[in-house]
Amino acid sequence: MFEMMNMPVVTSQYWNIAYGSAKGEGKLDTEGMQTMRTLADNMAFLLKKIHANGTPDYPEREPWKPMNFIR
């Protein structure tokens, strides 16, 4: 859905989740925490790039031209 609305999507290296069954165990999931750090780094990078000059230079968009394949 986000891509259909021209929204940027920040990705990481795997599923954005850390596992644990008791409070604090999620911090022990080394792969999950690395994935979260990568996600945070990528999100910070994107936000800095979008707001580098204070005004983001969004690409010019064409008007949407829907097509109906049922004739």
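Visitor: Which residues make the nonpolar surface patch of about 720 Å²?
Guide: Met1, Phe2, Met4, Met5, Met7 and Val9 make that patch. A patch joins residues with over 30% relative accessible area and no salt bridge, like charges within 9 Å and nonpolar side chains (Val, Leu, Ile, Met, Phe, Trp, Tyr) within 5 Å. Accessible areas come from the Shrake-Rupley method with a 1.4 Å probe, and for residues only the protein chains shown count as cover. A salt bridge is a side-chain nitrogen of Lys or Arg within 4 Å of a carboxyl oxygen of Asp or Glu.
Visitor: What should I know about the model itself?
Guide: This is a predicted model, in which local features need pLDDT of at least 70, side-chain atom pairs count only at pLDDT 80 or more, and totals for chains, interfaces and linings use all residues. Residues are numbered from 1 along each chain as its sequence is written, and side-chain values use heavy atoms, with hydrogens and water left out.
Visitor: Back to Met7, where does it lie?
Guide: Met7 lies in the segment before α1, which spans 30-50. Helices (H or I, at least four residues) are DSSP runs, numbered from the N terminus.
Visitor: Why does Met7 count as partly exposed?
Guide: Met7 counts as partly exposed because its relative accessibility is 43%. Buried means under 20% relative accessible area, exposed over 50%, and partly exposed in between (1.4 Å probe, protein chains only).
Visitor: Which residues line the largest pocket?
Guide: Met7 is one of them, and the lining also includes Asn6, Pro8, Lys49, Tyr58 and Arg61. About 170 Å³ of space lies in this pocket. On a 1 Å grid over the protein atoms alone, a pocket is an open set of points where a 1.4 Å probe fits, with protein on both sides within 12 Å along at least five of seven lines; lining residues have an atom within 4 Å of a point.
Visitor: How does the lining divide by type?
Guide: The lining has 6 nonpolar, 3 polar and 3 charged residues.
Visitor: What is the phi of Asn6?
Guide: Asn6 has a positive phi of about 60°, although it is not a glycine. Most residues other than glycine have a negative phi.
Visitor: And Lys65, buried or exposed?
Guide: Lys65 counts as exposed because its relative accessibility is 68%. Lys65 is placed in the segment after α1. In sequence Lys65 and Thr30 are 35 residues apart, and in space 47 Å, C-alpha to C-alpha.

Methods. Helices (H or I, at least four residues) and strands (E, at least two) are DSSP runs, numbered from the N terminus. Grid points are joined across faces, edges and corners, and a volume is the space filled by probe spheres set on the points. Ala, Val, Leu, Ile, Met, Phe, Trp, Tyr, Cys and Pro count as nonpolar, Asp, Glu, Lys and Arg as charged, and the others, Gly among them, as polar.
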